[in-house]
There are 2 protein chains.
Amino acid sequence: MKLASLKDGSRDGKLVVVSRDLTRCTDASFLAPTLQVALDDWQRLSPHLASLAQSLELGSLPSQRFHEHQAQSPLPRAYQRANCSAYANHVELVRKARGAEMPPAFWTEPLIYQGGSDSFLAPRDPIHMADEAWGIDFEAEVAVIVGDVPMGAGPVEAGEAIRLVMLANDVTLRNLMASELAKGFGFFQSKPSSAFSPVAVTPDELGDAWDGGRLHLPLIVDLNGKPYGRANAGVDMTFDFPTLIAHAARTRPLSAGTIIGSGPVSNRLEDGPGKPIDEGGVGYSCIAEQRVVETMRNKEPQTPFLRFGDTVRIEMKDRAGRSIFGAIEQTVEKYEHNPVPEHRRGK
Amino acid sequence: MKLASLKDGSRDGKLVVVSRDLTRCTDASFLAPTLQVALDDWQRLSPHLASLAQSLELGSLPSQRFHEHQAQSPLPRAYQRANCSAYANHVELVRKARGAEMPPAFWTEPLIYQGGSDSFLAPRDPIHMADEAWGIDFEAEVAVIVGDVPMGAGPVEAGEAIRLVMLANDVTLRNLMASELAKGFGFFQSKPSSAFSPVAVTPDELGDAWDGGRLHLPLIVDLNGKPYGRANAGVDMTFDFPTLIAHAARTRPLSAGTIIGSGPVSNRLEDGPGKPIDEGGVGYSCIAEQRVVETMRNKEPQTPFLRFGDTVRIEMKDRAGRSIFGAIEQTVEKYEHNPVPEHRRGK
């Protein structure tokens with residue numbers, strides 16, 4: 001089944017079941033008002049959601065048009081998000097750009113960091129940023145939402161906890177990264193709010209493109225309407241999702257609704273790092289990678305990071321060319337902070 | 001007012017208002033079933049909670065005995081937790097132990113990292129860990145819960161968003177830290193589930209011990225029943241809470257219910273780092289600091305990290321000697337993972 005959270009003025013949106021072709025949806029809030037509630041009680045509620053999805057396909061219940069721009073991220077806020085760098089090729093490239101060595105352990109042990117999860121962007125909402133000089137970049141990723149995972153779970157148990165799959169735009173502020181990472185405790189300001197695809201789907205919706213650990217389809221990234229990335233999410237994923245989840249659960253349980261992100265999808269070619277699409281390559285899932293390749297070729301990067309007005313679109317299609325998750329499509333806009341006047345400030 | 005979340009079998013507990021002396025509580029779930037719901041709609045709900053607290057003090061409504069061991073952490077799970085190292089003295093000491101330099105920027109810009117928030121421990125529940133060799137340590141901290149903070153808020157606006165204050169035990173696995181930090185993206189496995197004090201209080205409950213940014217009282221840490229730390233949380237806090245919150249909100253909004261932790265409370269003495277309590281010092285808020293001091297004195301640490309059966313207690317008392325938040329008191333116990341049998345695994 002396919003699930004979405006419609007904007008309804010609340011913090012968590014309203015749960016709907018979406019038709020396979022993404023054209024229609026039906027209210028599921030009588031079963032569970034929000035997706036988090038459904039995940040909290042998945043064993044009891046998911047069969048009812050699945051039968052709702054079946055009736056929706058048969059046209060045997062009231063439904064409404066599904067508009068992707070009316071969707072929040074499937075979880076508008078989540079209790080946890082762990083982001084990984086499962087495509088070690090990306091890590092190697094970006095570290096090269098920072099002049100940092102790639103330790104050999106990166107090919108044998110997952111790299112994972114705690115991401116923010118309290119305020120996700122809607123998939124069609126702008127990316128508001130105060131300053132272009134922060135080096136605004138996207139990272140196109142695959143992400144899964146898990147149920148409860150006990151501490152110490154192995155990859156088999158971890159894989160069975162995968163409830164939903166979706167796409168992510170992990171917005172990154174490249175020019176804030178170096179000074180933040182130099183402090184040694186990871187990202188904070190350099191990882192602002194992310195966005196996820198309008199729809200999250202159960203693994204069975206993916207057919208044989210999902211092998212239980214990896215999603216074997218190209219991730220379509222367009223920048224300002226032009227093809228930018230077509231890397232296959234099933235290729236060069238050094239660590240599969242069950243391995244990532246088990247790594248995250250080694251010293252603590254993961255609660256239902258935890259989002260595990262793959263990190264930017266990145267394919268390594270036989271003759272080295274990726275080529276841009278206009279040279280017959282698969283392109284990139286973030287601008288940083290292209291800039292590294294440019295630097296390796298020409299000693300300096302040519303492609304700028306995102307500027308106000310730039311639009312990134314992230315989507316994935318099944319083998320018949322139909323959009324699976326709907327599209328993340330976001331334009332960068334200038335943010336102005338207006339402090340609330342003193343007399344209107346709440347306590 | 002003082003708020004707690006009682007264990008009731010649900011994931012978020014049941015909201016109660018607790019009497020100032022922590023002996024009695026009254027159900028507040030008819031106003032807001034959970035603390036998160038109260039925080040989501042604080043301006044509307046908090047006056048009602050405050051009047052409930054007033055009636056409880058006057059004895060004019062039904063109440064029950066409040067048992068700290070029946071309390072969850074005030075937010076049993078939260079949408080965000082940002083942990084800081086606001087006591088730069090601690091950072092300098094612990095980095096010395098790792099042989100790492102302390103960059104001068106650490107005294108002028110907050111160090112902040114994204115912490116896990118999906119599965120907090122209850123304040124009297126055991127700390128279950130699979131392996132003593134992980135170097136199990138506590139970190140006794142002060143933490144605040146904020147309301148919505150817009151992106152770009154300055155310290156004044158950030159300070160006004162502070163809703164509640166509590167204590168924290170930020171459990172840390174010291175022997176997993178070095179290899180994790182070496183990867184450059186911060187902690188994950190080395191920061192398992194944390195616990196918070198049984199009760200969270202509004203800043204007005206703290207009287208003049210709270211100056212709007214710092215809490216000027218000793219943090220009482222006992223290890224296996226013996227005094228271990230008495231560092232004053234108002235002393236040597238390099239960055240106050242409004243500064244920490246504003247730093248966290250520079251590139252993204254913070255949602256209601258975000259927890260901001262101070263990092264381990266640490267006082268610097270005129271003649272150098274802290275002395276143990278039995279030498280007339282204020283002691284330590286984590287074992288790592290004591291081990292650093294021991295290493296500086298004797299070339300190697302004597303105090304071991306926590307072993308199975310060890311108990312840490314963290315509390316704070318007002319100037320009249322009354323417990324403000326109740327006590328975190330946790331014993332380390334051996335964890336065994338038992339995978340769910342295949343036939344009982346849910347989808």
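The report below treats the interface and then the aromatic pairs.

## Basis of the report

This is a predicted model, in which local features need pLDDT of at least 70 and side-chain atom pairs count only at pLDDT 80 or more, while totals for chains, interfaces and linings use all residues. Residues are numbered from 1 along each chain as its sequence is written, chains are lettered from A and ligands numbered from 1 in the order in which they are written, and side-chain values use heavy atoms, with hydrogens and water left out.

## The interface between the chains

With contact taken as heavy atoms within 4.5 Å, 67 residues of chain A touch 68 residues of chain B. The buried area, which is the accessible area (1.4 Å probe) that two parts lose on being put together, summed over both, is about 6,300 Å² for chain A and chain B, and carbon and sulfur atoms give 51% of it. On the side of chain A, the residues that lose the most area to chain B are Tyr79(A), Phe185(A) and Phe188(A), which together account for 16% of what that side buries.

Eight salt bridges are found across this interface, a salt bridge being a side-chain nitrogen of Lys or Arg within 4 Å of a carboxyl oxygen of Asp or Glu. Arg11(A) and Asp40(B) join their side chains in a salt bridge, at 3.4 Å from N to O.

## Aromatic pairs

Rings of Phe, Tyr and Trp (its six-membered ring) pair if their centres lie within 6.5 Å, and planes under 30 degrees apart count as stacked, over 60 as edge-to-face and the rest as tilted. By this rule there are 15 aromatic pairs over all chains. Tyr79(A) and Tyr79(B) form a stacked pair, with 4.2 Å from centre to centre and 15° between the planes. Both Tyr79(A) and Tyr79(B) are buried, where buried means under 20% relative accessible area, exposed over 50% and partly exposed in between (1.4 Å probe, protein chains only).

Why is the pair of Phe120(A) and Phe196(A) called edge-to-face? The ring centres of Phe120(A) and Phe196(A) are 4.8 Å apart and their planes stand at 75°, so the pair is edge-to-face. Phe120(A) is buried, with a relative accessible area of 9%, and Phe196(A) is buried as well, with a value of 1%. Finally, Tyr113(A), Phe187(A) and Phe185(B) belong to one aromatic cluster.
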